[in-house]
Amino acid sequence: MGVTCVSQMPVAEGKSVQQTVELLTRKLEMLGAEKQGTFCVDCETYHTASSTLGSQGQAGKLMYVMHNSEYPLSCFALFENGPCLIADTNFDVLMVKLKGFFQSAKASKIETRGTRYQYCDFLVKVGTVTMGPSARGISVEVTEKRKPNQ
């Protein structure tokens, strides 16, 4: 794969999130893009447990744990101002065992679901971003697919 760009799309005036997603996908299909299935990316936020903080008023660190349907056997953890960890899907089980150190932030799970399209040398993913039951926005990811000899 080549370069990837992920953008937040504004909701069309007078339209809902779902109506705007349908409008974008119709435009892609009119351009000749071919559907190639669906995708899902979810992210849950964890914060350091209060028992691990040394002094009063010390800010806790955040960690974001992500899953991506493009990588079904992997789990990604991104530490605030720190490293990125790639682990297998059992990492979620480890997070349960580490609840004395990291706690899941309340109502912090965010998810993007949508359709994948192939358009010329590009893979385009249009998704609805949800937090709980409500739609919060639209994401568009465009990846340049490079040929093997490039």
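The structure is a predicted model in which local features require pLDDT of at least 70 and side-chain atom pairs count only at pLDDT 80 or more, whereas totals for chains, interfaces and linings use all residues. Residues are numbered from 1 along each chain as its sequence is written, and side-chain values use heavy atoms, with hydrogens and water left out.

The protein chain contains 2 helices and 9 strands, where helices (H or I, at least four residues) and strands (E, at least two) are DSSP runs numbered from the N terminus. Along the sequence, these elements follow the pattern β-α-β-β-β-β-α-β-β-β-β. When taken along the principal axes, the box filled by the C-alpha atoms is roughly 60 × 45 × 25 Å. Of the 150 residues, 30% count as buried; buried denotes a relative accessible area under 20%, exposed over 50%, and partly exposed in between, with a 1.4 Å probe and protein chains only. The accessible surface of the protein chain comes to about 9,900 Å², of which carbon and sulfur atoms account for 56%, as computed by the Shrake-Rupley method with a 1.4 Å probe. With contact defined as heavy atoms within 4.5 Å, 52% of the contacts between residues at least 6 apart in sequence join residues at least 24 apart.

In soluble globular proteins, nonpolar side chains tend to be buried together. A nonpolar core is here a set of buried Ala, Val, Leu, Ile, Met, Phe, Trp, Tyr and Cys residues joined through side-chain atoms within 4.5 Å, and the largest such core has 10 residues, namely V17, V21, L24, L28, A33, Y117, V124, V126, I138 and V140. Two or more residues of this core are given by each of α1 (17-31), β8 (122-131) and β9 (134-144), and α1 gives the most, with 4 residues. L24, not counting residues up to four places away in sequence, touches M9, V126, I138 and V140. A second, separate core of 8 residues includes Y46, C75, F91 and F102.

H67, in strand β3 (residues 62-68), takes part in two side-chain polar contacts, one with the side chain of D42 at 2.9 Å and one with the side chain of D92 at 2.7 Å. A polar contact is a pair of N or O atoms within 3.5 Å; within protein, one atom must be able to donate a hydrogen and the other to accept it, and residues adjacent in sequence count only if both atoms are side-chain atoms. Leaving aside neighbours within four places in sequence, the residues in contact with H67 are C40, V41, D42, S74, C75 and D92.

E144 lies in strand β9 and is partly exposed, with a relative accessible area of 27%. The C-alpha atoms of E144 and T4 are 6.5 Å apart in space, although the two residues are 140 residues apart in sequence.

Most residues other than glycine have a negative phi.
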